[in-house]
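Colleague: Could you walk me through this model, one feature at a time? I'd like the general idea, then the case at hand.

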Amino acid sequence: MAIHYLKRGKPDSERSEDDQKVRAVVEDILREIEVRGDAAVRELSEKFDKYSPQSFRLAASEIEALISKVSSRDMEDIKFAQAQVRKFAQAQRDSMLDIEVETMPGVVLGHKNIPVQSVGCYIPGGKFPMVASAHMSVLTASVAGVPRIAAATPAFKGEPNPAVIAAMHLGGAHEIYVLGGVQAIGAMAIGTQTIEPVHMLVGPGNAFVAEAKRQLYGRVGIDLFAGPTETMVIADETVDAEMCATDLLGQAEHGYNSPAVLITNSRRLAEATLSEIDRLLAILPTADTASKSWADYGEVIICDTYEDMLDIANEIASEHVQVMTDRDDWFLANMHSYGALFLGPRTNVANGDKVIGTNHTLPTKRAGRYTGGLWVGKFLKTHSYQKVLTDEAAAMIGEYCSRLCMLEGFVGHAEQANVRVRRYGGRNIPYGAAAE
């Protein structure tokens, strides 16, 4: 593989110290919530969000009052976006079928797709009110048929954000809490005197939210382990530097540590993109954030061939991969490790983030090597079952089971099979022996 780094980001070793600090802070907060419940949650909300209402859960009248503040145009846009997300999520749900098959005479096997019974959806809102995150988690859980959906979002500038609350409500949330950060994650997972714990947590968030989900995994399910937003642009000379630079900076504005990577086989495009990024950062209103991310985590990689571009892209396994080449479908066919693909110059990552219908909660930190993103299937558990309908089938399967259990030394297991061979097959098998 022949590659050249025109620009490199920070090595992973420089990021681990911050991770350790976050881990310790989150451990302390979760311990406080476990011990002190609502009192700890309130203190944390006052400390971090300067917000302490009579009740963190919004009443129906409060939800209606907040929704009334959303302009008709904004409400139309929210409904349009939710319609797209719902259509795709419903199509995905429809593809997941319960099955039942008779694998041999008298033996019936099957599985059912059963919704998780309660989900806590976290909607970030510290720096930006993440309206779209409500569509991606709350609405998708609703399509899956989750019977209890609790949703939490922090106060934005001291008050509940009306558009976020509207999106939560329209998406199908049964409980809405104005509560942010680790205290929201901990309250929903651990439970307090006033908040019933959930079975699963989903939704993006900052490093502290991600670490809280990591520490709580096992006690509850989670959608995925998430880190800072990542974006990658794979481009050749079929597109220009303005397009590449715009797509890189469009995601770098998420936070101060959001990796943005350009992979190209054109040195001319690589150098022009670097210049274009400098030009755009001089006029981008969110440049304070985007410039820091680009300076510390931006990379420009020049490859000799498309095969080299593919290999390095699969190795990095970025969350968002924007492909703009003369062979986009070739990348679609051969990419195997990523969060989501955005193919061709007419689409972009912001489409996926906000409106087009695919989910924007996606794997980061190379997790795309082993998992996809949040989708309706994440809220469904596939449970198998079996039925043995005839005496002949019970005896025949039992004989095989008896011998295989004894092969492993599990005599008690073997007797589960033997008792059925005796009753349904009329065989006199000595206790603790294998069926012959």
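Colleague: Let's start with Thr-382: in which strand is it found?

Modeller: Thr-382 is found in strand E14, residues 380-388. Helices (H or I, at least four residues) and strands (E, at least two) are DSSP runs, numbered from the N terminus. Before we go on: this is a predicted model, where local features need pLDDT of at least 70 and side-chain atom pairs count only at pLDDT 80 or more, while totals for chains, interfaces and linings use all residues. Residues are numbered from 1 along each chain as its sequence is written, and side-chain values use heavy atoms, with hydrogens and water left out.

Colleague: How do I read the accessibility of Thr-382?

Modeller: Buried means under 20% relative accessible area, exposed over 50%, and partly exposed in between (1.4 Å probe, protein chains only). Thr-382 has 48% relative accessibility, so it counts as partly exposed.

Colleague: And what does Thr-382 touch?

Modeller: Contact means heavy atoms within 4.5 Å. Leaving out residues up to four places away in sequence, Thr-382 touches His-111, Lys-112 and Asn-113. With Asn-113 there is also a side-chain to side-chain polar contact at 2.8 Å. A polar contact is a pair of N or O atoms within 3.5 Å; within protein, one must be able to donate a hydrogen and the other to accept it, and residues adjacent in sequence count only if both atoms are side-chain atoms. As for Met-96, it sits 286 residues from Thr-382 along the chain, yet their C-alpha atoms are separated by 9.6 Å.

Colleague: What share of the chain's contacts links residues 24 or more positions apart?

Modeller: They account for 73% of the contacts with a separation of 6 or more. The chain has 16 helices and 14 strands, and of its 436 residues 50% count as buried.

Colleague: Asn-113 makes me curious about Arg-93, which touches Asn-113 too. Is Arg-93 buried or exposed?

Modeller: Arg-93, in helix H4 (residues 72-95), is buried yet has no salt bridge. A salt bridge is a side-chain nitrogen of Lys or Arg within 4 Å of a carboxyl oxygen of Asp or Glu. Lys and Arg count as positive and Asp and Glu as negative; His and the chain ends are not counted. For Arg-93, the nearest side chain of opposite charge is Asp-98, 5.2 Å away.

Colleague: Where does UniProt place the feature "active site"?

Modeller: The unreviewed UniProt entry puts it at Glu-319 and His-320. UniProt positions are given in the numbering used here, feature names are shortened, and annotations may be inferred rather than shown by experiment. In the model, Glu-319 is found in the loop between helix H12 (306-316) and strand E12 (320-324), while His-320 lies in strand E12.

Colleague: Why do Glu-319 and His-320 count as buried?

Modeller: Glu-319 counts as buried because its relative accessibility is 5%, and His-320 because its value is 2%. Glu-230 meets both side chains: its backbone nitrogen is reached by the side chain of Glu-319 at 2.9 Å, and its backbone oxygen lies 2.7 Å from a polar atom of the His-320 side chain.

Colleague: Last one: which residues of H16 are buried?

Modeller: Ala-414, Glu-415, Ala-417, Asn-418 and Val-421. An α-helix has 3.6 residues a turn, so residues three or four places apart point the same way. The buried residues of H16 pack against helix H15 (391-408).
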